[in-house]
Amino acid sequence: MDSGIDRVEDDLLKSVRPKQPRKDDSLAVILRRCTRCVRSLRILVALLCMAPSVVGAEDTAQASIEVLPSGELFEPLVADPSWPRFSAEHQWRFGTDEFDSVAQVGFGETIALIRSAEESWGRWEFGFQAMLDAVFDLTASSFDLSNEDYFVAFLGTIEAGGVVTQLRFSHLSSHLGDEYVAETGRLRDSVSFETIDMLVSKQWTEAVRVYGGVGVLITPQPAFDPLIFQLGGEWVSPVAFAEGWLRPVFGVDVQVRQENDFVPDVAALLALRIENEEEGHRRIEFFTRFYHGRSPDGQFFRQTVDTLGVGIRLGF
């Protein structure tokens with residue numbers, strides 16, 4: 001019996017005793033490990049080679065969108081009296097009993113927020129406009145603040161094939177000045193509205209630019225007829241004087257409103273522009289302007305006025 005138990009114990013020990021590897025098996029294990037190492041090195045080298053191209057792709061994607069670029073694709077309209085800009089103008093008004101002489105001051109600008117890179121088809125831009133426009137009665141003893149208009153807009157622009165198209169959504173609200181209300185006792189008209197408009201501009205020649213468009217008033221107060229049409233032309237002298245600093249500018253802007261029975265509002269402006277050619281978007285303009293039509297001041301929109309003004313404005 002003891003011999004049978006011994007045989008069982010021997011069998012168990014053999015079953016749990018590790019096998020001694022043969023020489024051929026050890027060599028195969030070494031070769032497999034070497035192969036895995038070579039494969040890992042190849043993968044690592046490939047990843048290192050791909051890294052610069054990935055970084056370059058990210059840089060290219062970032063370069064395709066420019067944040068806060070200088071200037072804007074749709075150049076400011078030269079003669080439009082309601083275009084947002086920094087300006088100060090002395091106006092003489094005719095054909096109205098309300099004011100004979102006023103100072104009109106504007107604090108506004110168009111800011112491009114993002115712009116795409118130039119592609120084969122063109123490029124696009126998204127921006128923002130805002131302006132405060134204030135009118136002071138210079139015939140009053142304390143130069144009363146008479147009208148103040150607040151304007152804000154978001155706009156998208158596409159430049160393609162030499163044509164620049166701008167789509168804009170804007171809001172305007174108008175208020176009487178407190179001093180004017182205290183002196184005259186006039187009640188404020190609730191004037192506010194949103195507008196969706198589209199303008200298309202074409203640089204016809206080096207010196208001549210033409211534009212036109214249409215707009216629709218949304219939920220106006222008081223209830224205005226909604227349609228507005230706008231067109232105009234500009235001439236910027238291709239020849240600059242005083243070593244490139246001075247350049248004459250002329251523009252005409254016509255706006256036709258359904259509310260005004262499609263009788264045109266006409267503005268004509270002649271200016272002398274001072275600009276730095278290396279920073280073409282920075283400019284100062286001394287101008288004289290004639291305007292005939294519905295008053296551009298929101299609280300006095302029912303009046304038809306003729307104005308002649310001289311002033312200065314800045315462009316950035």
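User: Is E159 buried, partly exposed or exposed, and what is its relative accessibility?
Analyst: In this predicted model, the relative accessibility of E159 comes to 22%. Buried needs under 20%, and exposed needs over 50%. E159 therefore falls in between and counts as partly exposed, at 22%.

User: Which residue forms a salt bridge with E159?
Analyst: In general, side chains of opposite charge can pair when their charged atoms come close. For E159, the closest N and O atoms of the pair are 2.7 Å apart. The cut-off is 4 Å. The partner is R123.

User: How many residues apart in sequence are the parts that E159 and R123 tie together?
Analyst: E159 belongs to strand β5, residues 145-160. R123 belongs to strand β4, residues 123-137. The pair therefore ties together parts whose separation in sequence is 36 residues.

User: What relative accessible area does R123 have?
Analyst: R123 counts as partly exposed. Buried would need under 20%. The value for R123 is 21%.

User: Which residue meets R168 in a salt bridge, and in which strand does that residue lie?
Analyst: The side chain of R168 meets that of D197, with 3.0 Å from N to O. R168 sits in strand β6 (residues 163-176), 29 residues from its partner, so the link joins distant parts of the chain. R168 is buried, and D197 is too. The partner is D197, in strand β7 (residues 191-203).

User: What is the N to O distance in the salt bridge between R313 and E285?
Analyst: R313 lies in strand β13 (residues 304-315) and E285 in strand β12 (residues 279-294), so the pair ties together parts 28 residues apart in sequence. R313 and E285 are both buried. Their side chains meet at an N to O distance of 2.7 Å.

User: Is L68 buried or exposed?
Analyst: L68 is found in the loop between β1 (65-67) and β2 (86-94). Its relative accessibility is 57%. Exposed means over 50%, so L68 counts as exposed.

User: Which residues is L68 in contact with, leaving aside its neighbours within four places in sequence?
Analyst: L68 lies in a loop. Contact here needs heavy atoms within 4.5 Å. With those neighbours left aside, the contacts of L68 are I111, A112 and L113.

User: How many Å apart in space are L68 and F126, C-alpha to C-alpha?
Analyst: In sequence, L68 and F126 are 58 residues apart. In space, their C-alpha to C-alpha distance is 9.8 Å.

Notes
Residues numbered from 1 in each chain as written. Predicted model: local features only at pLDDT ≥ 70, side-chain atom pairs only at ≥ 80, totals over all residues. Heavy atoms only, no water. Helix = DSSP H or I, 4+ residues; strand = E, 2+ residues; numbered from the N terminus. Buried < 20%, exposed > 50% of the residue type's maximum accessible area, 1.4 Å probe, protein only.
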